[in-house]
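I opened my notebook to look up a few residues and how they sit together. Come along as I go through the entries.

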Amino acid sequence: MESGGRIGILVGAILWGYIGDKYSKKMVLNINLSCLFLLVLLLGFSVNYEMALSARFAIGLFTGIAPNLKGYISDVSDDSNISKYYIFYGVPWGISYIIGPIIGSNLLAPHKQYPSVFGA
């Protein structure tokens, strides 16, 4: 399943990089974040493997925004503060690798962990 997402990132990085250069990097970032929100919900509510794989590929397609994000950072900064802004590019990914599993493990089998909320 993860390979479907990586193939999507490969295609999406090239596609969204081109669109961001031609139109607007900020517009591309807004479109990608909006679509990612919906696609992650679709992945969460997948009913079979094919649906989940398709959703994961689409998530990868809209995750290939690294060229636009780095370009946008360089557009809104100058030589005196660009290193400070590039910190904001990598730090959220590191934090998400820590916080994501914590949230996920707390939401695993919610009917067993929180029977008063979800009913057993």
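I started with Ile7 and found it in helix H1, which covers residues 2-22. A reminder to myself: this is a predicted model.

Next I asked: is Ile7 buried or exposed, or something in between? Its relative accessibility is 48%, so I noted Ile7 as partly exposed, since only values over 50% count as exposed.

I then looked up Ile7 together with Gly60. They are 53 residues apart along the chain, yet I read 7.0 Å between their C-alpha atoms.

My next search was for aromatic pairs, and the whole structure gave 1. The partners are Trp16 and Phe62, in a tilted arrangement with 5.5 Å from centre to centre and 40 degrees between the planes. Which helices does the pair link? I found Trp16 in helix H1 and Phe62 in helix H3 (residues 49-63), so distant parts of the chain, 46 residues apart, are linked here.

Then I turned to Lys84. I saw its charged end over the ring of Tyr85, 5.5 Å from the ring centre.

My last entry is about the surface. Which residues make the nonpolar patch of about 740 Å²? I listed Ile87, Val91, Ile95, Ile98, Ile99, Ile102, Ile103 and Leu107. I picked Ile103 from that list and placed it in helix H5, residues 82-106. With a relative accessible area of 47%, Ile103 went down as partly exposed.

Note on methods. Residues numbered from 1 in each chain as written. Predicted model: local features only at pLDDT ≥ 70, side-chain atom pairs only at ≥ 80, totals over all residues. Heavy atoms only, no water. Helix = DSSP H or I, 4+ residues; strand = E, 2+ residues; numbered from the N terminus. Buried < 20%, exposed > 50% of the residue type's maximum accessible area, 1.4 Å probe, protein only. Patch = residues over 30% accessible without salt bridge, like charges linked within 9 Å, V, L, I, M, F, W, Y side chains within 5 Å. Areas by Shrake-Rupley, 256 points an atom, 1.4 Å probe, with all protein chains shown as cover. Salt bridge = Lys/Arg side-chain N within 4 Å of Asp/Glu carboxyl O. Phe/Tyr/Trp six-rings, centres within 6.5 Å; stacked < 30°, edge-to-face > 60°. Lys NZ or Arg CZ within 6 Å of the ring centre and 35° of its normal.
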